[in-house]
Amino acid sequence: MKTDGGAREAKVKGTLDIGRTTGGAVLNTDGGSALKMKTVGDSLDTKVERNLDSGVASKAAGGVDLTTDGGVQKPDVLAMRILKEARSLANRFPGSARAQLCHLLAQLQHMRSLPPELDMSKGMERLVRSAGIASQAFPNSAVIALFHAKLLSVSGRLDGAEAECHQALDMEDVSDPEEECVPPGSVGGDNYEERLSSVAEDFDWLLRQIIGRAEKFWENSLTSETKKRFLSVKVDALQDEYTKFDQSSLFSVQSALSFFKENNSWRFWMCPLCNSNKKHTMPGPLMEHMYKKHPRLVLPRLRSVVNSILEGESDGLFDGVSFTQDQDTHDIIRFKERSGIFAWLFSETIRGEKSRPFCDIMQENCTEGRKLLETMKKKMASLPTDKSTTDESPRFNEIRELWLQFLKHTVVDYGKIMLTLARTLIWSEFKKHMAGVHETACQRITADDIDDVFFTLSNADEQTMKE
C-alpha cells in the first residue's frame, strides 16, 4: 500500500491532540513487578512523531494473512511490501518509538513469511542488534524493551532477556504504551495505570517463559553429574559474589558460617536503639536488654504482654543443605538434589531477588524497629493497669501483633543472605552453560520458535480478549 508522504503527514498533524501530556503513576503487579511513570510534558514535535499512520502500523503487526485492493498477495510478497513501507516510516520519523517498533515488527513478520525450512538465525541476530539500538535510543519505552527482551529469548539469550525484563520493570518515567504500541490500541487498559500494568504483566509472563525453558533444559539436558556440579558452591565464590556490590567489612561469608556453627542458627536480632554489637539469637534476651537499657521507650510491662511469644521460630531455610569440603579442602555448600529443587533455587531469583549490602539491611532494621517500638509504647499507655482486664483489652492483641511485626522486620538472617548469594551465583553459571550449549549446537530458529514467544497469549492478552 503506497501512501503519499505529504498526505500521511497531514493526517498525522490533523489527528494530533496538542493538549495531551503523559500522566503519573507507580504500578505494582501481584508478582511484585513494577513500571513507574512520572508527569512529563511533550513538545509538539515529539507529539507529531508519536502519532503515526495507524494503517501501516496495523499491517506491520497484523500478520501476513492480509488482503489488498488488488486481491490476495503471497505472504512473502506482502510482507516485503509492508517492510518497505515500515522502513520508510522509520526513516521519516527517527524520533518516534512507534515508527521504529513498526519497522522492527515488519522485519520480524518478513522473517516469518519465508519458507519454513530456512534457518532464521542470522536474520534474528541482525534484528536483535537493531532492537537493542532502539531500546537504547528510547530508554523510556517499555514496549520496545519488551520486544527486545522477546527477541533475546527467541535467540536463546535468556540471560540478556531476563536482564532486559528487570531493567524495564525498574524503569522510571515510562512513556505511555498507548502512544508507542503497534498496532495502536494493542496494549489493554483504559488509562495510563492500567496500560502500564498490562505491560508489566507481559514482562512477568516472559520471565515465567524463561524459567520454564530453563527448567526444561535442567530436567532433560543435564546429566546427574552436571546437576551435582551446579548444586555445589564454594564459600569463597559466595564471598566474591557479595564483594561485587559491597566492599565493606561488615559482612563476610566465613563469619556467617562461624556464627551458625557456634549458635546452630542463622538468625539473630540486634538492639535498634543503641550501638550494642550483641547478637541475640532469641527474642527473650533482646527484650531483656531493651527494657533494662532503654526503659523510657521499652516499658518493662511490655515483657508481660508479649511473654508467651518471646521464643523464636526454628530455622528451616537450609533443610537439605550440607556444609562440607571438596577434594582440595575448599569449604563448599552442597544442595541436595530433590523433587522441586529447580523451582526452590531459581523461582525467586528470576523474579528479581537480589542480595543487598549488609549496612543497608541493618539501617532498615533499626529504622523500622524504632518506629514499631514507639507505636507499642503509645498503645501501652492506654492499656488497663488492672492485670485481670488487660487480656480483654483490644490494645492487648494490637500490641502483641506489633511485637510480631517487630521481630519479623528486625531479624538479621545470615542464612537468607547466603542462600540469595548462592542462588544468584548458580543461576548465573547455569545460564552461561545453557548459552554455551545453544551456541555449540548451532540450533536453528524457526517460525514456531518466534510464535512461541511473540504470538502466545499472555495473561494480560487473555484478559483483554475477554473484556
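**Notebook: salt bridges in the predicted model**

I began with Lys432, which forms a salt bridge with Glu429, the closest N and O atoms being 3.7 Å apart. This is a predicted model, and I read every entry below with that in mind. Lys432 and Glu429 stand 3 residues apart in helix α19 (residues 414-441), so about one helical turn separates them. I then looked up accessibility for the pair: Lys432 is exposed at 52% relative accessible area, whereas Glu429, at 37%, counts as partly exposed.

Next I asked how many salt bridges the structure holds, and I noted 17.

I turned to Asp451 and Arg112, whose side chains meet in a salt bridge with an N to O distance of 2.8 Å. Because Asp451 lies in helix α20 (residues 447-454) and Arg112 in helix α5 (residues 97-112), this pair ties together parts that are 339 residues apart in sequence. I recorded Asp451 as partly exposed at 21% relative accessibility, and Arg112 as partly exposed at 23%.

My last entry concerns Glu125, which forms a salt bridge with Arg157, with the closest N and O atoms 2.5 Å apart. Glu125 sits in helix α6 (residues 121-137) and Arg157 in the loop between α7 (142-154) and α8 (158-169), so the pair ties together parts that are 32 residues apart in sequence. For accessibility I wrote down a relative area of 32% for Glu125, which is partly exposed, and of 33% for Arg157, also partly exposed. I also asked which residues are linked with Glu125 in a network of salt bridges, and found Arg129 and Arg157 there.

Definitions and conventions. Residues are numbered from 1 along each chain as its sequence is written. This is a predicted model: local features need pLDDT of at least 70, side-chain atom pairs count only at pLDDT 80 or more; totals for chains, interfaces and linings use all residues. Side-chain values use heavy atoms; hydrogens and water are left out. A salt bridge is a side-chain nitrogen of Lys or Arg within 4 Å of a carboxyl oxygen of Asp or Glu. Helices (H or I, at least four residues) and strands (E, at least two) are DSSP runs, numbered from the N terminus. Buried means under 20% relative accessible area, exposed over 50%, partly exposed in between (1.4 Å probe, protein chains only).
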